[in-house]
Amino acid sequence: MNSMEWNDLRLLLAIHRAGSLTGASRMTGLSQPTLSRRLKSIEAAWGQKVFQRTTNGFALTDEGLLLLPHALRMEEEFLAMERQFFGASSELKGQIRVASSDWFGARVLSRWIADFTRLHPGVEVELLTDARPVSLTQREADIAFRITPFNEAGIVQRLFSEMQYGLYCAQHLPEDFPPSDGAVELITLSGAFEHSPDVLWLKGQFPQGRVTFASNSREAQAWYCGQGGGVAVLPKVLASCIPGLREVSLTEAPPSRKLWLGYHEDLRQAPRIKAFLELAWNKVNELR
């Protein structure tokens, strides 16, 4: 049996967490064929099967289950070392990974990041937009913005802003739209998010309405709405960026959503992190 390499263990942990090569590919940035070749090479070198292929994906073998707790402890120690080393740097250069939802990243953070990199040209910022919450403990990102609080240990989190939402339709529709009978086409989040406060509010306001378009992308909803597809509940900051939308006057506004900012406590003193957070807090009024 050949000696174990940490990078091999990281790949195995990614496959274990994702349960598939496709999911592990998204997590690692490696292609699915590359992951498949690496896995075969690792198992051949170790002389042990780590995974068994099932109808539900990749499951750890008995040998893999023996390896798992040791790999997790190694990962925890490595990531802690990496965070502390990164946090101890006194220079404003290097990389910061910032994570958020797709529309917030495209419409808000990309502008802020442009201002930040002009001020600090030695820092490279990587923007990650993903519906899946990233792990700050595992350094999938250094800073994250999201609408639910963080539940990982060691995370410094702050309530960043209260995001206001409005009801929108296409600008070219009649002023008396939507009709008084409430029989209107609804544009909303896809099934996985059907219990979100704004989805429940929209369906409650228009019980006679019919969902004709659903997407997990707020931006896709906004563009579809601007084409006359019906009514949509959208963040006001996003709607202000999309041409062809008109806010519908209401006696009851859609529910607002809290926006949380988080980063790992090991990075608290890192100059890059402190500089980015300072810029973000200086710009928070743009969201109101």
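**Strands side by side**

Modeller: Strand β7 (residues 165-170) and strand β10 (residues 231-235) run antiparallel and are joined by four bridges. Keep in mind that this is a predicted model. In general, strands of a sheet pair through backbone hydrogen bonds, and the sense is either parallel or antiparallel.

Now widen the view. β7 and β10 belong to an open sheet of five strands. Read across, the order is β9-β8-β10-β7-β11. The pairing in this sheet is mixed. At the edges sit β9 (210-214) and β11 (245-247), each pairing on one side only. Neighbouring strands here are turned by 40° against each other on average, direction ignored.

Next comes a helix. Helix α7 (residues 218-226) lies across β7, β8 (185-188), β9, β10 and β11. Against β10, helix α7 runs at about 135°.

For comparison, turn to another open sheet, with five strands in the order β4-β3-β5-β12-β6. Its pairing is mixed. The edge strands are β4 (123-129) and β6 (155-163), and each pairs on one side only. On average, neighbouring strands of this sheet are turned by 20° against each other, direction ignored. Here β3 (residues 94-100) and β5 (residues 143-146) pair in the parallel sense, over two bridges. V98 has I143 in β5 as its bridge partner. Helix α9 (residues 271-283) lies across β3, β4, β5, β6 and β12 (257-264). Its direction is at about 45° to β3.

Conventions: Residues numbered from 1 in each chain as written. Predicted model: local features only at pLDDT ≥ 70, side-chain atom pairs only at ≥ 80, totals over all residues. Heavy atoms only, no water. Pairing = 2+ DSSP bridges. Axes fitted to C-alpha atoms, helices over the stretch in contact; angles between N-to-C directions. Contact = heavy atoms within 4.5 Å.
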